[in-house]
Amino acid sequence: LMGSGRVPIDKFYSQPTSADYVFTESTEYLRQIGALDEGGDAKPQVRIANYLMGPSNCIASSSFFSVCCLSECEGLMRELEQKIQAPTASAMQLLNLVGNMSSSSVEAPRDLPEPLVDKLWAISERHSGKVPLHARLFAQWMHFVFPS
């Protein structure tokens, strides 16, 4: 579904024969890693961010370590953490910082679209004026701000 960070499971598995990559993970595996959303009335959907962070996307692994692709999200969060140095921040502080951050899909500086600004203020209001940096709602917001 456009902009939700999810893809219907039937679309996930229906790759054209010319595709460079074929998704073969079982629904049980997707469920185990938290990548399968079976809630609500809709058909099951694959949470893209959770799938990408799953062990099947690691280059090499053993019982002691895994070599996985670095998540661009981690770098963005690390940058925010270094600048904020607290578990929460005001919406205004985050808007100023995020508007000046670049990623592989976004150039800075930029003004964020009003609906995204409103969503961040709503998160802030829900938490007494502070946005928890390591909470689900802020992570989802960051995925909309820095689409991959």
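The model is predicted, so to speak of its local features requires pLDDT of at least 70, while side-chain atom pairs count only at pLDDT 80 or more and totals for chains, interfaces and linings use all residues. Residues are numbered from 1 along each chain as its sequence is written, and side-chain values use heavy atoms, with hydrogens and water left out.

Let us start with the overall layout. The protein has seven helices and seven strands; these are DSSP runs numbered from the N terminus, with helices being H or I of at least four residues and strands E of at least two. Read from the N terminus on, the elements run β-α-α-β-β-α-β-β-α-β-α-α-β-α. Of the contacts (heavy atoms within 4.5 Å) with a separation of 6 or more, 53% are between residues 24 or more positions apart.

Now to the helix packing. Two packed helices are described by the angle between their axes and the distance between the axes. Here axes are lines fitted to C-alpha atoms, for helices over the stretch in contact, and angles run from 0 to 180 degrees between N-to-C directions. Helix α4 (residues 72–84) and helix α5 (residues 91–98) have axes that come within 11 Å and cross at roughly 125°. The two helices are therefore oblique to each other, the class left over once angles under 35 degrees count as roughly parallel, over 145 as roughly antiparallel and 65 to 115 as roughly perpendicular. From α4 come Leu 80, Lys 83 and Ile 84, which touch Gln 93, Leu 94, Leu 97 and Val 98 of α5. By class, this contact has five nonpolar, one polar and one charged residues; Ala, Val, Leu, Ile, Met, Phe, Trp, Tyr, Cys and Pro count as nonpolar, Asp, Glu, Lys and Arg as charged, and the others, Gly among them, as polar.

Helix α5 also packs on α6, with axes that come within 9 Å and cross at roughly 145°. In this contact, Ala 91, Met 92, Leu 94 and Leu 95 of α5 meet Val 117, Leu 120, Trp 121 and Ser 124 of α6. Its residues divide into seven nonpolar, one polar and no charged. Ser 124 is buried, with a relative accessible area of 3%. Beyond its neighbours within four places in sequence, Ser 124 is in contact with Ala 91, Gly 129, Lys 130 and Val 131.

What lies inside? Leaving aside neighbours within four places in sequence, Trp 141 is in contact with Leu 95, Val 98, Leu 112, Leu 116, Lys 119, Leu 120 and Ile 123.

Finally, have a look at the loops. Between α5 and α6 lies Pro 109, and the peptide bond from Ala 108 to Pro 109 is cis, with omega near -5°. Gln 85, in the loop between α4 and β6 (88–89), has a positive phi of about 50° although it is not a glycine. At 69% relative accessibility, Gln 85 counts as exposed, a term for values over 50%.

Terms used: Buried means under 20% relative accessible area, exposed over 50%, partly exposed in between (1.4 Å probe, protein chains only).
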